[in-house]
Amino acid sequence: MSEINARARKKQIIVGLVSGAVTGVIISALTQFWWWLPTGMILGLASGMLMKPPAQK
């Protein structure tokens, strides 16, 4: 397997954090429990780290 591009990895992490933040804000607003925001951020960070790397051109 080829080495993952550092720029692509950084983009994956950012996308994961943004999606986690959005999920955390939505769940926090629905449940009125603000601890869902950091939980969503952690979930997004983990999913960003675990996402399949983009294909190399």
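Me: How does the span of α1 compare with what its 26 residues should give?
Reply: At 1.5 Å a residue, the 26 residues of α1 should span 38 Å, and the end C-alpha atoms are 37 Å apart, so the two agree. Keep in mind that this is a predicted model.

Me: ok, and how many helices and strands are in the chain?
Reply: The chain has 2 helices and 0 strands. Helix α1 covers residues 6-31, and helix α2 covers residues 36-50.

Me: What happens just after α1?
Reply: Q32 comes there, with a positive phi of about 60°.

Me: Back to α1 itself. Which of its residues are buried?
Reply: They are A8, Q12, I13, G16, G20, G24 and S28.

Me: And what covers them?
Reply: The cover of the buried residues of α1 includes α2. G16 and G20 are among the buried residues of α1.

Me: Is G44 buried or exposed?
Reply: Buried, because its relative accessibility is 2% and the cut-off for buried is under 20%.

Me: How far apart are G44 and A21?
Reply: In sequence they are 23 residues apart, and in space 7.2 Å, C-alpha to C-alpha.

Me: New topic, S28. Buried or exposed?
Reply: S28 is buried, with a relative accessible area of 13%.

Me: What lies around the polar side-chain atoms of S28?
Reply: A polar atom of the S28 side chain lies 2.7 Å from the backbone oxygen of G24. The backbone nitrogen of L37 is also listed, at 3.2 Å from a polar atom of that side chain.

Me: Which residues is S28 in contact with, leaving aside neighbours within four places in sequence?
Reply: F33, W34, W36 and L37.

Me: What about the surface, which residues form the nonpolar patch?
Reply: I14, V18, V22, I26 and L30 form it, and together they have about 490 Å² of accessible area. L30 lies in helix α1 and counts as exposed, at 70% relative accessibility.

Me: Why do residues four places apart point the same way in a helix?
Reply: An α-helix has 3.6 residues a turn, so residues three or four places apart point the same way.

Me: Last bit, the whole chain. What share of the 57 residues is buried?
Reply: Buried residues make up 18% of them. The chain exposes about 4,700 Å², and carbon and sulfur atoms supply 72% of that area.

Me: And the contacts between residues at least 6 apart in sequence?
Reply: Among those contacts, 67% join residues at least 24 apart.

Methods: Residues numbered from 1 in each chain as written. Predicted model: local features only at pLDDT ≥ 70, side-chain atom pairs only at ≥ 80, totals over all residues. Heavy atoms only, no water. Helix = DSSP H or I, 4+ residues; strand = E, 2+ residues; numbered from the N terminus. Buried < 20%, exposed > 50% of the residue type's maximum accessible area, 1.4 Å probe, protein only. Contact = heavy atoms within 4.5 Å. Areas by Shrake-Rupley, 256 points an atom, 1.4 Å probe, with all protein chains shown as cover. Polar contact = N/O pair within 3.5 Å; in protein donor to acceptor, adjacent residues only side chain to side chain. Patch = residues over 30% accessible without salt bridge, like charges linked within 9 Å, V, L, I, M, F, W, Y side chains within 5 Å. Salt bridge = Lys/Arg side-chain N within 4 Å of Asp/Glu carboxyl O. Expected span 1.5 Å × (residues − 1).
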